[in-house]
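Please look over the sequence and the fold below before reading on. The text after them is meant to be read with both in view.

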Amino acid sequence: MKESALTLTLSSSHMHWCRDVVLQKTNNESWGFSIVGGYEESHGQQPFFIKTIVPGTPAHFDGRLKCGDEIVAVNGATTVGMNNSSLIPMLKLQKNKVTLTVVSWPGSLV
C-alpha cells in the first residue's frame, strides 16, 4: 500500500508544467479572471490560483489560462509573500500587456 501511494506522489509531481502566458488588451477592460489565495494572517501564505475566467475577455479569448492554474509571477515578479490587496492593484496597473507565469496541471477546467 505504501509503495502505490509513494508512486502516485512521485508521478503526480511530474504532471505539471510552468509557462508564461502573455495577455494583451486595447482598452480599460478587465483581464478577465478572478484569483484566490495569497497571504492571510489566519492562514499564512497560500498560492494564488485562477478561480474563474470571464467570457468575452482577454483571458477567455487567449484560451491558455485555466481555472486551477497557479500564478507564480507577474511580469517576472514573484507572487510569493504577496496578498490579494497587493496583487490585484499590480494587475490593474498593467494597461495593455501582462505576462503571467503559471503552473498548470492536466485536467484543469475552464
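The paragraphs below take up confidence, the core, the strands, a loop contact and the salt bridges.

This is a predicted model, in which local features need pLDDT of at least 70 and side-chain atom pairs count only at pLDDT 80 or more, while totals for chains, interfaces and linings use all residues. Residues are numbered from 1 along each chain as its sequence is written, and side-chain values use heavy atoms, with hydrogens and water left out.

Start with confidence. The score used is pLDDT, the predictor's confidence in each residue, from 0 to 100. For the protein chain the mean pLDDT is 83, and 82% of its residues reach 70 or more. Confidence is highest in α2, at 97, and lowest in helix α1 (residues 2-13), at a mean of 39. Over residues 1-13 the pLDDT is below 50, and beyond near neighbours in sequence this stretch has zero contacts in the model. Contact here means heavy atoms within 4.5 Å. The helices (H or I, at least four residues) and strands (E, at least two) are DSSP runs, numbered from the N terminus.

Next comes the core. In soluble globular proteins, nonpolar side chains tend to be buried together. A nonpolar core is a set of buried Ala, Val, Leu, Ile, Met, Phe, Trp, Tyr and Cys residues joined through side-chain atoms within 4.5 Å. Buried means under 20% relative accessible area, exposed means over 50%, and partly exposed lies in between (1.4 Å probe, protein chains only). The largest nonpolar core has 19 residues, of which Leu23, Phe33, Leu65, Ile71, Leu91 and Leu100 touch the most other members. Two or more residues of this core come from each of β1, β2 (33-40), β3 (44-53), β4, α3 (84-93) and β6 (97-104). Leaving aside neighbours within four places in sequence, Leu100 is in contact with residues including Leu23, Phe33, Leu65 and Leu91.

Why is β4 largely enclosed by the rest of the structure? Four of its five residues are buried. Two strands pair if DSSP finds at least two bridges between them. β4 pairs with β6 in the antiparallel sense over four bridges, and Ile71 has Val102 in β6 as its bridge partner. With β3, β4 pairs in the antiparallel sense over two bridges; there Phe49 stands opposite Glu70 in β4. β4 also pairs with strand β5 (residues 77-78), again antiparallel and over two bridges, with Ala77 in β5 as the bridge partner of Val74.

The hairpin of β4 and β5 has two residues between the strands, and Asn75 in this hairpin takes a positive phi near 50°. The side chain of Asn75 makes a polar contact with the side chain of Gln94 (2.9 Å). A polar contact is a pair of N or O atoms within 3.5 Å; within protein, one must be able to donate a hydrogen and the other to accept it, and residues adjacent in sequence count only if both atoms are side-chain atoms. Gln94 lies in the loop between α3 and β6.

The structure holds two salt bridges, each a side-chain nitrogen of Lys or Arg within 4 Å of a carboxyl oxygen of Asp or Glu. One joins the side chains of Arg19 and Asp69 (3.7 Å, N to O). This pair links distant parts of the chain, 50 residues apart: Arg19 is in strand β1 (residues 17-24), and Asp69 is in the loop between α2 (58-62) and β4 (70-74). Asp69 counts as buried, at 0% relative accessibility. The side chains of Asp62 and Arg64 also meet in a salt bridge (2.8 Å, N to O). Asp62 counts as partly exposed because its relative accessibility is 28%, and Arg64 counts as partly exposed at 32%.
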